[in-house]
Each structure stands twice: as structure tokens, then as C-alpha cells.
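Subject: Structure for your review

Dear colleague,

Please find the structure below, followed by an account of what was found in it. I would be grateful if you read the two side by side.

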Amino acid sequence: KNFGKQNYIDLVNNLKQKFPNLLIAMLGEPEGSYFSEGVPEGCLDLINIKNKDRMNDQLFILQHSLFALGSISGAMLVALGAGCPSLIWGFADAKIPTEQNNPLSTQLYYIDDMQPDISKIIDGIQKLNFFIFIRL
């Protein structure tokens, strides 16, 4: 929602630098994604897969991910419903409804800004309460 394709590309590149041991998966559906023609290099593409498999595959990935992030959308509510700690950004008046649509009380960090700086997103990731600095 209005974050912009280039912003997502810049965010992915920043995440790759900050967390080089993590695999970034891109989720969504081709009709509603900036990446219907392919995801950034080095990312797992769960957008451009068979429609009949997409939701199950995406739920599996979310249930086994360290965290999810994205602008406020139904997809981010799915991440919360899958029990995946989530960083969501969006309009300030959407924070409370987002918290109320979190039936599992999944860990959530909300940035009340539709166009947050990437540094603010990275800082928010570090406020989620889990360990992400694991070197294998």
C-alpha cells in the first residue's frame, strides 16, 4: 500500500546488508504485488507460484519465519494470524484496529507512518523481542 516498489527494493538491499545470513521471502499475489515479474535477486519468490499452492506455502513460510514486515494490509494480518512476529507500518488511526485483529496476540511492532524511513523500519525490527543475530 503506497510504499513504492523502489522503497521495497531499497529495504530488501538494506536487510541483506544488516542480516546477511537470513533468507528474505517475498509474499503476496501477482495481481497485487510490485514483484509479479520477479523478486529482487537472492530473495525467495512466493509470489509467482501456482495459485493453488500459494496460500499454503506462504502460511508455512510465515509459521517458520523470524519475522514479517510490510505496510498495513490483509497480508500482514495473515502474518499475525500465522503467529509470525510482525512489524507493520501504516496510518496512525489503523494501529488500534490492527492490534484488535491479532487474535493470537502475536508480537507486533507498529510504525504509524505510511512512508517510514528504512532506518526506522530497521530500528523497529530490533524492537521485536527475539534473537535474530545467529551466525551459522
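**The largest pocket**

The lining of the largest pocket draws at least two residues from each of α1 (5–18), β1 (25–27), α2 (51–63), β3 (68–71) and α3 (74–81). Helices (H or I, at least four residues) and strands (E, at least two) are DSSP runs, numbered from the N terminus. This is a predicted model, in which local features need pLDDT of at least 70 and side-chain atom pairs count only at pLDDT 80 or more, while totals for chains, interfaces and linings use all residues. Residues are numbered from 1 along each chain as its sequence is written, and side-chain values use heavy atoms, with hydrogens and water left out.

The largest pocket holds about 1,300 Å³ of space. A pocket here is an open set of points on a 1 Å grid over the protein atoms alone, where a 1.4 Å probe fits, with protein on both sides within 12 Å along at least five of seven lines; lining residues have an atom within 4 Å of a point. The volume is the space filled by probe spheres set on the points.

In total, 40 residues line the largest pocket, and Ala-25, Met-26, Leu-27, Leu-69 and Met-76 lie nearest its centre. Helix α2 gives the most to this lining, with 6 residues. By class, the lining has 26 nonpolar, 11 polar and 3 charged residues. Ala, Val, Leu, Ile, Met, Phe, Trp, Tyr, Cys and Pro count as nonpolar, Asp, Glu, Lys and Arg as charged, and the others, Gly among them, as polar.

Gln-58 is a residue of helix α2. Gln-58 counts as buried because its relative accessibility is 10% (buried means under 20% relative accessible area, exposed over 50%, partly exposed in between, with a 1.4 Å probe and protein chains only). Beyond its neighbours within four places in sequence, Gln-58 is in contact (heavy atoms within 4.5 Å) with Leu-27, Gly-28, Leu-46 and Ile-47.

Strand β3 runs parallel to strand β4 (residues 86–89), and 4 bridges join them; two strands pair if DSSP finds at least two bridges between them. Ser-71 has Trp-89 in β4 as its bridge partner. Together, β3, α3 and β4 make a right-handed β-α-β unit. A crossover is right-handed if, with the strands pointing away from the viewer, the path from the first strand over the helix to the second runs clockwise.

The loop between α3 and β4 contains Cys-84. Cys-84 counts as buried because its relative accessibility is 0%. Its contacts beyond four places in sequence include Leu-62, Phe-67 and Thr-106.

Both faces of β4 are covered, with Ser-86 and Ile-88 on one side and Leu-87 and Trp-89 on the other, all buried. Strand β4 also pairs with β5 in the parallel sense, over 4 bridges, and Ile-88 stands opposite Tyr-110 in β5. From β4 the chain crosses through helix α4 (residues 95–100) to β5 in a right-handed β-α-β crossover.

Tyr-109 lies in strand β5 (residues 108–111). Tyr-109 counts as partly exposed because its relative accessible area is 26%. The C-alpha atoms of Tyr-109 and Gly-124 are separated by 6.8 Å, although these residues are 15 residues apart along the chain.

Yours sincerely
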